[in-house]
Amino acid sequence: MSIQNVRLEVMQFLEKKIDHFMEEFLIPVEKIWQPTDLLPNSQNETFFEDVKELREIAKDLPYDFWVTLVGDTITEEALPTYESWLMNVEGVNPEEKSNGWNKWIKHWTGEENRHGDVLNKYLYLSGRVNMREVEMTTHHLINDGFDIGTSNDPYKNFVYTSFQELATYVSHNRVALIAKKYGDKKLHKMCNLIAGDEMRHHLAYSEFVNQIFKVDPSEMMLAFQHMMKHKIIMPAHFLRESGQKISTAFEQFSDSAQRIGVYTAVDYVDIMQKLIDKWEIDKIANLSDEAEKARDYLMKLPSRMAKISERIVIPETSHIFKWVEPALVK
């Protein structure tokens with residue numbers, strides 16, 4: 001049987017458990033938070049006073065913080081790209097409504113959609129950013145799509161989502177802590193709740209990988225090695241400002257995030273180690289010779305990457321983005 005056929009068989013096997021996964025890792029629409037719960041409500045008589053208070057508090061947040069928050073928002077707003085990418089994964093049939101993976105992706109998308117929605121509204125109400133420039137960057141990012149090196153392989157895609165959901169948890173959680181430090185309780189709560197969603201999603205995708213390791217360990221190990229060897233590409237790696245070429249803004253955005261400690265090269269290595277530990281790859285049995293070599297590579301990789309991360313130098317001066325005008329922030 002071909003590798004592709006085995007992957008399809010494994011996906012069909014896991015699909016039988018999809019209702020259990022949804023019950024464990026997703027929250028029904030009526031019970032989960034919505035953006036209006038966290039922002040000034042336009043139906044309330046106090047709306048304008050609430051917005052004024054939000055804007056006053058937002059004045060204290062520093063430049064690199066705004067750049068990072070805008071970048072995070074744009075990343076979340078590019079959700080159409082992520083949904084269409086997942087719909088092409090082997091074992092997901094977008095034309096078959098009864099397909100369990102089809103159902104999972106739609107419900108996962110529904111939860112993720114709230115993140116960009118609430119962050120976008122916050123940016124708009126804050127008055128600290130140039131929303132038209134932010135909107136154009138989002139438009140470009142969706143137009144440009146992304147190539148994360150997974151093709152339609154479910155094993156590689158689940159490694160990617162396991163890693164990426166944990167990375168977004170780290171980023172949103174750190175933004176929440178910084179917002180709290182500057183007294184922005186609304187933004188703290190907002191990003192803290194988003195981080196909680198991302199952690200649940202990470203637990204789901206990492207459990208999918210864990211289940212695959214039990215039934216197809218060698219191929220899952222090789223897929224894990226492939227993704228780590230080629231490095232996890234961030235969803236916003238094609239980020240650009242208006243009038244600029246594709247991918248030109250991503251490095252400057254990353255520099256801002258690293259300068260304020262929201263997401264760093266050290267975090268990347270730490271997430272890699274967490275996945276190795278979570279899946280207990282040192283204990284997995286019945287591996288092929290090639291998969292054994294892949295395991296050895298993975299076990300040694302975090303220490304190698306840690307040494308490289310120590311040599312990374314981040315510019316001290318912030319890049320001035322069209323999204324955030326220095327005159328409007330500290």
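Reader: How much space lies in the largest pocket?

Author: The model is predicted, and the values that follow are computed from it. In this model the space that lies in the largest pocket comes to about 750 Å³.

Reader: Which residues lie nearest the centre of the largest pocket?

Author: The lining of the largest pocket is made up of 31 residues, which divide into 17 nonpolar, 9 polar and 5 charged. Those that lie nearest the centre are M234, F250, S254, Y263 and Y268.

Reader: Which helix supplies the largest share of the lining of the largest pocket?

Author: Several helices each supply at least two residues of this lining, namely α4 (63–77), α8 (154–181), α11 (250–259), α12 (265–278) and α13 (289–310). The largest share, which amounts to 7 residues, comes from α11.

Reader: What volume does the second largest pocket have?

Author: The lining of the second largest pocket includes M22, E23, L26, H107 and R114, and its residues divide into 6 nonpolar, 3 polar and 3 charged. The volume of this second largest pocket is about 230 Å³.

Reader: Which helix gives the most to the lining of the second largest pocket?

Author: Among the residues that line the second largest pocket are I27, P28, V29, G110 and E111. The elements that give two or more residues to this lining are α2 (18–25) and α6 (100–126). With 4 residues, the one that gives the most is α6.

Reader: Which side chain of opposite charge is nearest to D216?

Author: D216 has its place in the loop between α9 (185–215) and α10, and its side chain makes a polar contact of 2.7 Å with the side chain of Y155. D216 is buried yet has no salt bridge, because a salt bridge requires a side-chain nitrogen of Lys or Arg within 4 Å of a carboxyl oxygen of Asp or Glu. The nearest side chain of opposite charge lies 4.7 Å away and belongs to R7.

Reader: Is Q244 buried or partly exposed, and why?

Author: Q244 has its place in the loop between α10 (217–229) and α11. The relative accessible area of Q244 is 37%, and a residue counts as buried under 20% and as exposed over 50%. Because its value falls in between, Q244 is partly exposed.

Reader: What distance separates the C-alpha atoms of Q244 and T137?

Author: Along the chain, Q244 and T137 are 107 residues apart. In the predicted model, the distance that separates their C-alpha atoms is 9.7 Å.

Reader: What distance separates the C-alpha atoms of R55 and I314?

Author: R55 is found in helix α3, which covers residues 47–58, and at 34% relative accessibility R55 counts as partly exposed. R55 and I314 are 259 residues apart along the chain. Their C-alpha atoms are separated by 30 Å.

Reader: What value does phi of S247 take?

Author: S247 is found in the loop between α10 and α11, where S247 counts as partly exposed at 31% relative accessibility. Its phi is positive although S247 is a residue other than glycine, and the value is near 75°.

Reader: Is N286 buried or exposed, and why?

Author: N286 is found in the loop between α12 and α13, and N286 has a positive phi of about 60° although it is not a glycine. Its relative accessible area is 73%, and exposed means over 50%. Because of that value, N286 is exposed.

Notes. Residues are numbered from 1 along each chain as its sequence is written. This is a predicted model: local features need pLDDT of at least 70, side-chain atom pairs count only at pLDDT 80 or more; totals for chains, interfaces and linings use all residues. Side-chain values use heavy atoms; hydrogens and water are left out. On a 1 Å grid over the protein atoms alone, a cavity is a set of points where a 1.4 Å probe fits but cannot get out, and a pocket is an open set with protein on both sides within 12 Å along at least five of seven lines; lining residues have an atom within 4 Å of a point. Grid points are joined across faces, edges and corners, and a volume is the space filled by probe spheres set on the points. Ala, Val, Leu, Ile, Met, Phe, Trp, Tyr, Cys and Pro count as nonpolar, Asp, Glu, Lys and Arg as charged, and the others, Gly among them, as polar. Buried means under 20% relative accessible area, exposed over 50%, partly exposed in between (1.4 Å probe, protein chains only). Lys and Arg count as positive and Asp and Glu as negative; His and the chain ends are not counted. A polar contact is a pair of N or O atoms within 3.5 Å; within protein, one must be able to donate a hydrogen and the other to accept it, and residues adjacent in sequence count only if both atoms are side-chain atoms.
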